[in-house]
Amino acid sequence: QVQLVESGGGLVQAGGSLTLSCTASGSIASIANINFMGWYRQAPGKQRELVARLIASSSTGYDYADSVRGRFTISRDNGNYLLYLQMSRLEPEDTAVYYCHYQDSRREYWGQGTQVTVSV
């Protein structure tokens, strides 16, 4: 079992920056077996969408949504225990609940979400 807790959301003006953090806890073996780590977001009335993700076993395997490429950066620290999303040049369209997501070969894990609101 893996538990994920996000932090770092808040209210920011357009053009500003925020960094989201995700802390993983639980089974050491489960965390070590994670294949993909990423961030999703869900805006009101819209489906949840992938923002960015990385391949846990690769130092170069990244994937970004077209809408955030060049503005957001995903990174990790301490193995698979800490995941970050650095967001810059934020736009009102980035307003959403952001979720941390881990996936292994058999199941996926979600955090509870953190709200990001970008004002004009």
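**Salt bridges and core**

Trainee: Which side chain meets that of E91 in a salt bridge?
Mentor: The model is predicted, so local features need pLDDT of at least 70 and side-chain atom pairs count only at pLDDT 80 or more, while totals for chains, interfaces and linings use all residues. Residues are numbered from 1 along each chain as its sequence is written, and side-chain values use heavy atoms, with hydrogens and water left out. A salt bridge is a side-chain nitrogen of Lys or Arg within 4 Å of a carboxyl oxygen of Asp or Glu. At 3.8 Å, N to O, the partner of E91 is R71.

Trainee: How many residues apart in sequence are the parts that E91 and R71 tie together?
Mentor: E91 lies in the loop between β8 and β9, strands being DSSP runs of E, at least two residues, numbered from the N terminus. R71 lies in the loop between β6 (62–64) and β7 (72–77), so the parts tied together are apart in sequence by 20 residues.

Trainee: Is R71 buried or exposed?
Mentor: Buried means under 20% relative accessible area, exposed over 50%, and partly exposed in between (1.4 Å probe, protein chains only). E91 has 32% and is partly exposed. R71 has 7% relative accessibility and therefore counts as buried.

Trainee: What is the N to O distance between D94 and R41?
Mentor: D94 is buried at a relative accessible area of 1%. R41 is buried too, at 6%. Their side chains form a salt bridge with an N to O distance of 2.9 Å.

Trainee: Which residues touch the most other members of the largest nonpolar core?
Mentor: A nonpolar core is a set of buried Ala, Val, Leu, Ile, Met, Phe, Trp, Tyr and Cys residues joined through side-chain atoms within 4.5 Å. The largest one has 32 residues. Those touching the most other members are W39, L83, L85, M87, Y98 and Y102.

Terms used. Helix = DSSP H or I, 4+ residues; strand = E, 2+ residues; numbered from the N terminus.
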